[in-house]
Amino acid sequence: MENKDYCNICPRKCNIDRSLFKGYCRGGTNARVALVSIHNWEEPSISGKNGSGTVFFSGCNMRCVFCQNHDISHANKGIEISDTRLAEIFIEQQERGVHNINLVSGGHFVPNIINALKKARQAGLKIPVVYNSNGYESVDTLKKLDGLIDIYIPDLKYVSDEYAIKYSSAPGYFETALSAIKEMFRQTGKNTFDESGMMTKGVIIRHLVLPSLKNDSLNVIDAIKENFGDNVYVSIMSQYTPVFKAKEYKEINRRITTFEYEKVTEHFLDIGLTNGYMQKRSSATSDYTPSFDLSGVERKDDKNE
């Protein structure tokens with residue numbers, strides 16, 4: 001970290017010494033990783049034929065009650081690794097032939113990611129790097145990633161602060177995420193693709209449609225139109241499944257209806273947006289949630305010692 005004594009990496013600004021204490025994200029001084037895998041179910045321009053080289057980080061600066069990855073985001077399952085090992089993982093993923101390195105929920109480990117990416121590039125990392133985020137990011141921290149990240153995939157979960165606090169314990173979410181996404185777009189510019197249709201630079205904003213929150217979803221789409229027009233891609237997701245603590249909230253303790261999802265996707269088209277991805281209803285299942293079994297995190301020779 002730039003200031004090794006006090007952590008203010010994310011909007012929480014815990015202002016603590018992470019070598020001694022755990023902040024809201026539960027992160028220490030080393031990156032904590034739960035899974036290294038090849039992901040074939042990201043957006044088509046990210047996964048392609050060969051898959052996306054995902055690295056799932058543990059911990060999170062949000063507390064979404066419906067989180068499908070709660071084993072690692074809330075329970076913090078994973079192991080701490082050095083920046084050198086993280087750089088090695090990036091190279092190992094590249095050697096597997098994936099289209100990109102996909103950093104999933106690593107916002108609270110940005111200093112480690114920066115160090116690891118610099119080491120990996122010196123070691124021959126050439127494929128695009130994807131920064132996969134919940135959107136609850138600090139602009140000052142994102143600026144430090146300028147030139148290191150090729151593709152940003154942030155969430156834009158809510159416009160309503162009532163919902164952001166109730167379901168994710170994230171006050172000021174919309175204003176914070178919107179500012180963060182503007183910085184991401186400043187860094188990448190309009191989306192670019194290679195000859196095979198794989199994204200090489202740009203921003204994909206993800207929005208998960210939640211049951212009973214259709215009107216807020218419409219407001220999210222309007223905000224994207226107002227602030228970015230058709231210069232970013234939008235991924236409207238129907239995969240919501242009531243898992244983890246969602247059962248404690250009657251209004252979201254169900255899957256979304258076809259009516260709810262179609263209202264949001266129709267609105268996307270009605271206001272003139274064209275660059276986007278939509279999901280099949282069959283995606284609304286926990287079958288697509290990875291098993292966070294630490295695969296690929298440790299060196300093979302470490303396991304044999």
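Close-up 1. H267 belongs to helix α9, residues 258-270; helices (H or I, at least four residues) and strands (E, at least two) are DSSP runs numbered from the N terminus. When its neighbours within four places in sequence are left aside, H267 is in contact with L218, I221 and D222, contact meaning heavy atoms within 4.5 Å.

Residues are numbered from 1 along each chain as its sequence is written, and side-chain values use heavy atoms, with hydrogens and water left out. Because the model is predicted, local features need pLDDT of at least 70 and side-chain atom pairs count only at pLDDT 80 or more, while totals for chains, interfaces and linings use all residues.

Close-up 2. Helix α4 covers residues 110-122, and its 13 residues should span 18 Å, which agrees with the 18 Å between its end C-alpha atoms; the expected span is 1.5 Å times one less than the number of residues. The buried residues of α4 are V110, P111, N112, I113, I114, A116, L117 and A120, and they pack against β1 (31-39), β2 (52-57), α3 (83-95), β4 (101-104), β5 (129-133) and α5 (139-143). After α4 comes G124, with a positive phi near 110°.

**Close-up 3. The crossing of α3 and α4.** The axes of these two helices come within 8 Å and cross at roughly 55°, the axes being lines fitted to C-alpha atoms over the stretch in contact, with angles from 0 to 180 degrees between N-to-C directions. α3 and α4 are therefore oblique to each other, since angles under 35 degrees count as roughly parallel, over 145 as roughly antiparallel, 65 to 115 as roughly perpendicular and the rest as oblique. The contact is made by D83, T84, L86, A87, F90 and I91 of α3 together with N112, I113, N115, A116, L117, K119 and A120 of α4.

Close-up 4. With a disulfide taken as a pair of cysteine sulfur atoms within 2.5 Å, the count comes to zero. The sulfur of C7, a buried residue at 9% relative accessibility, is too far for a bond because the closest cysteine sulfur, in C25, is 6.2 Å away. C14 is partly exposed, with a relative accessible area of 33%, and its sulfur is likewise too far for a bond, at 5.9 Å from the closest cysteine sulfur, in C10.

Definitions and conventions: Buried means under 20% relative accessible area, exposed over 50%, partly exposed in between (1.4 Å probe, protein chains only).
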